[in-house]
Amino acid sequence: ENCDRPLRRLEEPQWASLGGAMGHSSSKHDGKKGHQHHHHHSQEQQHGASGAGRQAAAAAAAAIRLHPLLTDAEVSILEQTHAKSAADERGAQLALCEALGLPERATAAAFTALGGAADGSLDKRAFLDAVALLIRGTTADMRGQLFKGGVPGAFELAFFAANGDAKADFDAGPLVKGFEEFAQRYAEANSCEATLDVEMFRRWCTADVPSLHEPVLDFVSHKLLNTPTRAGALAGRVSAASKEKLAESEVLTPGAVFALSCCDARCQGGWDRLFSSNKDGMSFDAMAKSLIGYEGPTVVVVQDADGNVFGALVSETWRECGVFYGQPNSVLFSIKPSFSLRRCRTDGTSAGTDHFQYLKIRGRQGHQGIGFGGDEYTLRLFLDRNFEECRAAKFDLTYDEGPIRPADQPAIFKPNIIECWGLGGEEAAQAQVLEHADIERMQLNRRKVDKKKFVENEFDRQFLLGGTYAHQQQVDDRGGQ
């Protein structure tokens with residue numbers, strides 16, 4: 001199973017010859033008659049051993065699988081698919097990709113990932129091995145097969161495998177650029193030459209899109225082996241209802257949502273828009289209210305005046321308290337012009353490394369606004385209350401170092417569009433409704449005054465409502481007359 005070469009059956013004649021050789025006697029007897037007798041006896045032994053060898057061969061052949069990673073039934077199904085594709089007059093590539101229902105832009109990448117050669121031919125063994133690695137191999141194997149189709153093609157194939165929509169608008173450019181920038185940063189950090197090879201691709205997938213291979217695994221297994229598709233969350237996949245909601249977003253493209261869902265499982269569920277500056281106005285109070293009390297992961301995404309798109313993903317329920325809080329699974333991300341992540345450096349137990357999220361609506365000390373990382377006076381990513389001094393810095397102690405916006409642009413930016421999305425589903429939305437009702441009830445109670453107790457209090461009557469009760473005081477001074 002650990003051999004690089006594929007297993008093969010040992011044919012019956014080979015087993016028989018081995019069995020005969022093992023049963024052959026090399027003893028010699030004196031005299032011609034004795035030698036003839038021994039030779040005749042040896043032939044009988046050889047014939048007997050040959051019969052036993054045939055039985056052993058049959059048993060061994062039954063025990064050996066046709067492929068180390070596939071069942072014999074799966075091999076049979078794939079051999080039929082291969083035979084049909086190879087016999088198609090239009091060529092194996094077109095026939096195989098039509099069987100998968102792939103769009104034209106993902107055809108070449110898929111054919112190569114499935115063992116196809118550059119000349120358009122498809123060797124049966126190469127096809128079986130490629131499918132086996134895609135659905136049963138290690139994570140490194142799966143990523144390696146995807147890489148064979150080229151980096152843009154790998155993204156096209158994975159996106160279609162997740163969404164199944166050949167007409168969906170998908171731009172692989174930000175992901176390709178993100179991979180190239182990752183390779184450059186890796187080379188600088190390790191004092192080596194930047195290479196865009198399969199090993200670098202595997203490193204980048206591990207760091208930024210660890211679930212990229214998952215939809216391809218599920219898709220190939222379902223299309224070629226008729227296995228049921230995986231139920232529930234899957235990288236790149238969102239519900240039909242979420243697709244309709246996300247279609248109204250002015251900053252989150254299908255490619256952006258796909259990339260985010262490949263980097264974090266929290267993005268693989270439902271998406272509900274909580275706030276949009278174009279719909280609800282560029283209001284800090286409205287944005288803060290849309291987030292406070294939502295008991296689920298949230299995404300805050302910004303498009304600045306230069307067209308860059310970036311933001312943050314957090315899990316902690318938002319509350320206004322003027323200090324940092326949150327969880328170490330918080331993430332800063334860039335979507336456009338390139339896709340990249342800035343994960344938390346540590347688990348947040350060291351001083352200054354737990355500044356995951358921040359929200360301050362009122363008060364004199366510290367900045368009023370919403371932010372991530374840094375400190376209360378210089379936050380890493382910050383939207384101030386008036387949206388006039390928004391900031392996206394390259395470094396802080398909580399999140400990984402690196403630019404959130406292009407490195408050649410200043411840290412201060414002007415937001416053009418801001419959107420907030422909830423990923424917690426119906427339960428999180430209902431919890432927020434109850435939270436807002438409790439807040440409004442408390443505020444109403446603060447404004448209410450018990451009038452009877454108020455007027456019975458001598459201090460309040462004299463100093464707060466002195467003019468109102470001046471006549472009553474005069475009557476009291478005249479002894480009630």
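Which residues of α11 are buried? In this predicted model, they are P215, V216, D218, F219, V220, S221, L224 and L225.

**Helices**

Helix α11 covers residues 214-225, which makes 12 residues. From its first C-alpha to its last it reaches 16 Å, close to the 16 Å expected at 1.5 Å a residue. The cover over the buried residues of α11 includes α3 (72-87), α4 (92-100), α6 (124-136), α7 (139-148) and α8 (151-163). After α11 comes N226, whose phi is positive, near 60°.

Another helix, α12, spans residues 240-246 and contains S242. Because its relative accessibility is 3%, below the 20% cut-off, S242 counts as buried. Leaving aside neighbours within four places in sequence, S242 is in contact with G269, G270 and W271.

**The sheet**

Strands of a sheet pair through backbone hydrogen bonds, either parallel or antiparallel. Here, six strands form an open sheet in the order β1-β11-β2-β3-β4-β5, and the pairing is antiparallel. At the edges are β1 (272-276) and β5 (340-343), each of which pairs on one side only. From one strand to the next, the twist averages 20°.

Within this sheet, β2 (residues 298-304) and β3 (residues 309-314) run antiparallel and are joined by six bridges. Opposite V301 stands G311 in β3.

**Salt bridges**

Side chains of opposite charge can pair when their charged atoms come close. The structure holds 16 salt bridges, and the table gives some of them.

| Pair | N to O distance |
|---|---|
| E199 and R202 | 2.7 Å |
| D264 and R266 | 2.7 Å |
| E320 and R362 | 3.7 Å |

E199 and R202 both belong to helix α10 (residues 198-208), where they are three residues apart, about one turn of the helix. E199 is partly exposed, with a relative accessible area of 39%.

Where do E320 and R362 lie? E320 is in the loop between β3 and β4 (331-336), while R362 is in the loop between β6 (358-360) and β7 (369-374), so their pair ties together parts that are 42 residues apart in sequence. E320 counts as partly exposed at 28% relative accessibility, and R362 is exposed, with a relative accessible area of 55%.

Definitions and conventions:
Residues numbered from 1 in each chain as written. Predicted model: local features only at pLDDT ≥ 70, side-chain atom pairs only at ≥ 80, totals over all residues. Heavy atoms only, no water. Pairing = 2+ DSSP bridges. Helix = DSSP H or I, 4+ residues; strand = E, 2+ residues; numbered from the N terminus. Axes fitted to C-alpha atoms, helices over the stretch in contact; angles between N-to-C directions. Expected span 1.5 Å × (residues − 1). Buried < 20%, exposed > 50% of the residue type's maximum accessible area, 1.4 Å probe, protein only. Contact = heavy atoms within 4.5 Å. Salt bridge = Lys/Arg side-chain N within 4 Å of Asp/Glu carboxyl O.
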